[in-house]
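Here's a quick walk through one model, helix by helix and loop by loop. Keep the viewer open while you read.

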Amino acid sequence: MYWFSRKREQLPPVNGLILPGGGARNAYQAGVLKAIAELLGNDSPNPFPVICGTSSGAINAAVLASNAAQFTEGVSRLTGIWENFHCGKVFQADSWTAVKSGLRWTTAFATARLGSSGPHSLLDNRPQRLLIESHIRLARIQHAIDRGALRALAVTASSYSSGRSICYYQGIPDLAPWERTRRLGRPQEIGIDHLMASSAIPVVFPAVWLNNEYHGDGSMRESAPLSPAIHLGANRLLIIGVRNPQLDAVPANGAAPPYPSIGQISGYMLDTLFMDSLDADIERLQRINHLLAEAGKDSLSYQDSVLRPIDFLMICPSRDVREIAERHAGDFPRTVRYLLRGLGALSREGRPLVSYLLFESAFCRELIELGYRDGLAAGAEIAEFLRLEAPPSA
């Protein structure tokens, strides 16, 4: 499914790619990008000078940015990573690690030691660091910038100490840092710690020490996820979401839904963490576009900012990802299934949590295929957004 806002302006087009977080759901983004690469054809230049990612989306963004000089190859690398995923590449899923983790948390609850001396996270994601080291050549990012294939890569993380959303960006020299209420943009060469920090889901994965403070998942404090791309010069945004926009049905009168389990509540929290701020920011962008159109102006000054119309194309799953995850829940390693069953996450109500943690190839491949089909279905809109000379047929 997709939405296309057409608000023309006279500035030269600068395309920005927005890849929000979503855990294992981010395999869907690889499928959409695969369709875009096919529509562009081989050896096409990178169509997104500005690439912004958060959480797992930050890792996707880093793969693309490090291959910006060869966009089609970068998409192929990204797709290959997701097609061959399994949980052991993200967190330790062996029986001994699960037993130790369970004992630590049980002891911490029993002895009321959940402070700094208690367990730091539910899962150990050291394998994720090895995955990044082996698949992403971060030094190539600056090479792409120097060659003009990339304007900027932005990765957002949240600071536990200062309570701010920090967008770390690496880009061309004339980009200026910014500071807004509880969020700022800071120029810095992107490293593995930035990607680990951006994807450190609270409680699930441990916080990451970076620049003298601990960081967690970038979605936590990211109240304006579209803002970094605009600060970095993008005036046209392609956003690849990971949640179907169809709302859940309200229980009928007299229905007695079960009391929410820890697994259901955790999935609800992750859904809010990853997607709600994005939806709110898109609504904000639509209001600004409408305001400028009604005023008949190309821009408006507001405090120290200038508001301009922004074209955007939003692509999101045409099917409910949770239903796909429910069919693949048995693919989890036995120890993870045991843990999730204890949290009540393997019930129908726990599907959201499963969909974020199911880093298994069968689930990821189905999401890639869904994203690919959705991307092709939006081919005409993508061609218009990218201003291709010969739009493809649907």
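Start at F48: skipping residues up to four places away in sequence, F48 touches N15, G16, L17, L33, I36, F71, L150, L238, F385 and L386, where a contact is a pair of heavy atoms within 4.5 Å. This is a predicted model, in which local features need pLDDT of at least 70 and side-chain atom pairs count only at pLDDT 80 or more, while totals for chains, interfaces and linings use all residues. Numbering starts from 1 along each chain as its sequence is written, and side-chain values use heavy atoms, with hydrogens and water left out.

F48 also belongs to the largest nonpolar core, which has 109 residues; F48, I36, L195 and L237 touch the most other members. The biggest share of that core, eight residues, is supplied by α1. A nonpolar core here is a set of buried Ala, Val, Leu, Ile, Met, Phe, Trp, Tyr and Cys residues joined through side-chain atoms within 4.5 Å. Buried means under 20% relative accessible area, exposed over 50%, and partly exposed in between, using a 1.4 Å probe and protein chains only.

## Helix α1 and its partners

Which way does α1 run relative to α3? The two pack at about 150° with their axes 9 Å apart, and that makes them roughly antiparallel. On the α1 side the contact uses A27, A30, L33, K34, I36, A37 and L40, and on the α3 side F71, V75, L78, T79 and W82. By type, these residues split into 10 nonpolar, one polar and one charged. Ala, Val, Leu, Ile, Met, Phe, Trp, Tyr, Cys and Pro count as nonpolar, Asp, Glu, Lys and Arg as charged, and the others, Gly among them, as polar.

With α13 (residues 361-377), α1 (residues 27-40) has axes that come within 6 Å and cross at roughly 40°, so the pair is oblique. The α1 residues in this contact include A30, K34 and L39, and those of α13 include L367, I368 and Y372. The contact divides into 12 nonpolar, three polar and three charged residues.

A note on terms: axes are lines fitted to C-alpha atoms, for helices over the stretch in contact, and angles run from 0 to 180 degrees between N-to-C directions. Under 35 degrees is roughly parallel, over 145 roughly antiparallel, 65 to 115 roughly perpendicular, and the rest oblique. Helices (H or I, at least four residues) and strands (E, at least two) are DSSP runs, numbered from the N terminus.

## Buried spots

T79 sits in α3 (residues 71-83) and is buried, at 7% relative accessible area.

Most residues other than glycine have a negative phi. R182, in the loop between β6 (178-180) and β7 (183-187), has a positive phi near 60° and is partly exposed at 48%. N212, in the loop between β8 (208-210) and β9 (213-216), has a positive phi of about 70° and counts as exposed at 67%.
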